[in-house]
Amino acid sequence: MGDTHLVYMDHAATTFTNPEVVETMLPFLKKHFGNPSSLYSIGREGREAVETAREKLAKALGAKPEEIYFTSGGTESDNWAVKGTAFARQKKGKHIITTPIEHHAVLYPCEYLETQGFDVTYLPVDRYGLLDPAEVEAAIRKDTVLISVMYANNEIGTIEPILEIGKVAREHKIPFHTDAVQVIGKVPLDLQREHKDVDILSLSSHKFYGPKGVGALYIREGTEIDNYMHGGAQEGGKRAGTENVAGILGMGKAIELATANIEEHNKKLRKMRDRLMAGVLEIPHCRLNGHPEKRLPGNLNFSFEYIEGESLLLMLDQMGICCSTGSACSSGSSDPSHVLRAIGVPPKTAQGSLRLTLGDANSGKDIDYVLEVLPEVVGKLRAISPFYKPADKGK
Amino acid sequence: MYNKKVMDHFMNPRNVGEIENADGVGEAGNPHGDQMKIFLKIRDNRIEDVKFKTFGCAAAIASSSMATELIKGKTLEEAWELTNEEVAEALEGLPPGKLECSVVSREATHRAINEYRKKQGLEPLAEQA
């Protein structure tokens, strides 16, 4: 135990850095240390690296390079999008529309804005986590200044009807932000055509095999948004601070690789995912959380009755399996996952949730191993549980 | 996050199970959702055998296991006095914020002892504030 080979099934938390990406970054951690704002040659090399990466991101997103702003990651991008838009437009109104299943990087800025006199509508989602675009339309008021809906949920993997929601937002001339952190390399994006109604989009490098600590915010030309970091002239003065050159360059390489062959990649992921899902659902008193079809290709989220998620996670960790849970104890709070509660999973059931997210670190062997280990571990914890009655056995 | 001793009691909990026709049974939960059920076999005012079942995190399961180890063979008065801190100490420490998860074992033990006392026609012992 403990020295078994590692099965990494937490790709929604982070991904390993692609070795090709690391290779791209290394010269900029060693030789090319210049500040991109400096005029001499090693500075110019850094500037070139940053602009090359900007072009790669723009290409991958179907955007213009000048619409890409580098940040420190998904959290900063979401904070900038929500607070930057709200404050820039507050003279027009102080109403924001979002959902209760957003990442905390959107929800907590919204809570902060509530302390600053903003009014936030959290639209309910259905039992699969889907938001109805008609609900968005009905919630729009004269003073609505921002709509923010995530592209796909990080816990349950449900993919939202972003095109339809964007259309509603555009018709009402309200800026539309989407947190696309989970979808890069999984859903093809084209911000000039198919996604022309998305005004602001957040992404994070370490979710698509790039380095941590770097991300980007796409801001459509003409979108009203405040500057986020005040200081130097970097990023057009909107986000001051010396660029994370190696990180930005690595992200550029990573997005190029991740978006090169999305369909084939998804097909491979779905094949493994569906086999794992079918096998796990054979465990009695187990349910799938999130939409059965409209979900990210690598995402699985289950609830196991009668057991608690942190225990489950730690026992799996002892067997070399890395995954995550929405249980309260794992987060140090007294409530289980806000996402599972929002889709109506009873608190006790939410406590026993397990998220397995597949990616490039996985092979078919990993699926076999998890299907061998998981039923045993669930059985072991149920044998200890006071809620698991013998009468339930064998059902 | 958890030390070796806690992990040992979590992965290999002692005294798991139920006792048929137990002399005292107690159950307790906490706001995190942890729940423990304890079964006592009592002879001559002494805990001759103890079994438990717990729903909860690793801290809750490990402290249930340790608490049952500590009260086994003790008099009811001695078992009553066992504190969460003593259980945590025997486990060589719990991570910050996890002591609360160990509270269930003390409460469940108290309820089991009082259930037994009631059956014996004795006054239930009072919880110290």
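Let's start on strand β2 of chain A, residues 68-71. A:I68 and A:F70 point one way from this strand, A:Y69 and A:T71 point the other way, and all are buried. Buried here means that 20 or more other C-beta atoms lie within 10 Å of the residue's own; exposed means 12 or fewer, partly exposed is in between, and the C-beta atoms are placed from the backbone. In a regular strand the side chains alternate between the two faces of the sheet.

A quick word on what you are looking at. This is a predicted model, so local features need pLDDT of at least 70 and side-chain atom pairs count only at pLDDT 80 or more, while totals for chains, interfaces and linings use all residues. Residues are numbered from 1 along each chain as its sequence is written, and chains are lettered from A and ligands numbered from 1 in the order in which they are written. Helices (H or I, at least four residues) and strands (E, at least two) are DSSP runs, numbered from the N terminus.

Back to our strand. Which strand does β2(A) join through four bridges? That is β8 of chain A, residues 215-219, and the two run antiparallel. Within β8(A), A:A216 is the bridge partner of A:F70. Strands count as paired if DSSP finds at least two bridges between them.

Now zoom out to the whole sheet. Seven strands of chain A form an open sheet with mixed pairing, in the order β2-β8-β7-β6-β5-β3-β4. At the edges stand β2 and β4 (119-122) of chain A, each with a single partner strand, so one side of each is left without a neighbour in the sheet. From one strand to the next, the twist averages 20°. For angles like this, axes are lines fitted to C-alpha atoms, for helices over the stretch in contact, and the angles run from 0 to 180 degrees between N-to-C directions.

Two helices to find next. Helix α4 of chain A, residues 104-115, lies across β3, β4, β5 (144-148) and β6 (176-179) of chain A, at about 155° to β3(A). Helix α6 of chain A, residues 162-171, lies across β5 and β6 of chain A and runs at about 160° to β6(A).

How does chain A look overall? Chain A has 13 helices and twelve strands. Its radius of gyration is 22 Å, close to the 21 Å that the globule rule gives for 395 residues, so chain A is as compact as a globular protein of that length. That radius is taken over C-alpha atoms, and the rule is 2.2 Å times the number of residues to the power 0.38. Along its principal axes, the C-alpha trace of chain A spans about 70 × 55 × 35 Å. Of the 395 residues, 52% count as buried.

Chain A is also assigned two domains: domain 1 (7-15 + 261-392) and domain 2 (32-258). Those bounds come from an automatic or database domain assignment. The domain centres, taken over C-alpha atoms, are 29 Å apart. In chain A, 24 residues of domain 1 are in contact with 24 residues of domain 2, where contact means C-beta atoms, placed from the backbone, within 7 Å. On the domain 1 side, α8 (262-280), β10 (299-304) and α11 (338-342) of chain A each supply at least two residues.

On to the partner chain. The contact takes 18 residues from chain A and 20 residues from chain B. On chain A's side, α9 (309-318), α10 (328-331) and α12 (347-351) give two or more residues each, and α9(A) has the largest share, with four. By class, that side of chain A divides into nine nonpolar, six polar and three charged residues. Nonpolar covers Ala, Val, Leu, Ile, Met, Phe, Trp, Tyr, Cys and Pro, charged covers Asp, Glu, Lys and Arg, and the others, Gly among them, are polar.

Is α9(A) mostly covered or mostly uncovered? Mostly covered: eight of its ten residues are buried, among them A:L312, A:L313 and A:L314. After α9(A) comes A:G320, with a positive phi near 85°.

Finally, chain B has an open sheet too: three strands, ordered β1-β2-β3, with antiparallel pairing. Its twist averages 15° from one strand to the next. Helix α2 of chain B, residues 58-71, packs on this sheet, touching β2 and β3 of chain B, and its direction makes about 175° with that of β3(B).
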